Amino acid sequence: FNVDPQVDSEWLSPAEFRTALSNSMLGPHLLVRRGPGFIHTTRAAQGLMELLLAAEWYRRTTGEFPATVDELLTVPMLDEVPLDGLSRTETPLRYERDSDNPRRAKVWSVGENGVDDGGSLENVPSVGPPDLGYWIGEAEPQASPAE
């Protein structure tokens, strides 16, 4: 866009650009002032969505979530486990199948504090912000059919 609003041209002035952008579908997300970690949070969230989709594909193919994150690499859409955009050491995102329910799993990032809290997704005031992640699948194990 034209940085000089005094110039008569086909380009939008900065004020016109801002107005057009704020009226667009993406505008509110792009114009919000965010901290310096915004891009890292966005990268972590994108990687989590990739893991979540791969885990769901695996579940729909086999009937349960994979036991380990390495089994996710058998899914055609995933060549490697995405890196955690919030990790200070460029470690991969985390995945864990629920030990009591193979039809439920969790994917997570270290979150804003940069510390892996073991996939704790609940905000605990004494600990600080939780890990960033999602539970996927069925919350309760399927009941066995009555005989």
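Modeller: Glu64 counts as partly exposed, because its relative accessibility is 35%; buried means under 20% relative accessible area, exposed over 50%, and partly exposed in between (1.4 Å probe, protein chains only). The model is predicted: local features need pLDDT of at least 70, side-chain atom pairs count only at pLDDT 80 or more, and totals for chains, interfaces and linings use all residues. Residues are numbered from 1 along each chain as its sequence is written, and side-chain values use heavy atoms, with hydrogens and water left out.

Biologist: With which residue does Glu64 form a salt bridge?

Modeller: Side chains of opposite charge can pair when their charged atoms come close. The criterion is a side-chain nitrogen of Lys or Arg within 4 Å of a carboxyl oxygen of Asp or Glu. Here Glu64 meets Arg97 at 3.1 Å, N to O. Glu64 belongs to the loop between helix 3 and strand 1, and Arg97 to strand 1, so the pair ties together parts 33 residues apart in sequence. Helices (H or I, at least four residues) and strands (E, at least two) are DSSP runs, numbered from the N terminus.

Biologist: Is Arg94 buried or exposed?

Modeller: Arg94 is buried, with a relative accessible area of 16%. Its side chain forms a salt bridge with that of Asp84 (3.0 Å, N to O). Asp84 is also buried, at 3%.

Biologist: How many salt bridges are there by this rule?

Modeller: The count comes to six. One of them joins Arg103 and Glu138, with the closest N and O atoms 2.9 Å apart. Salt bridges that share partners join Glu56, Arg59 and Arg60 into one network.
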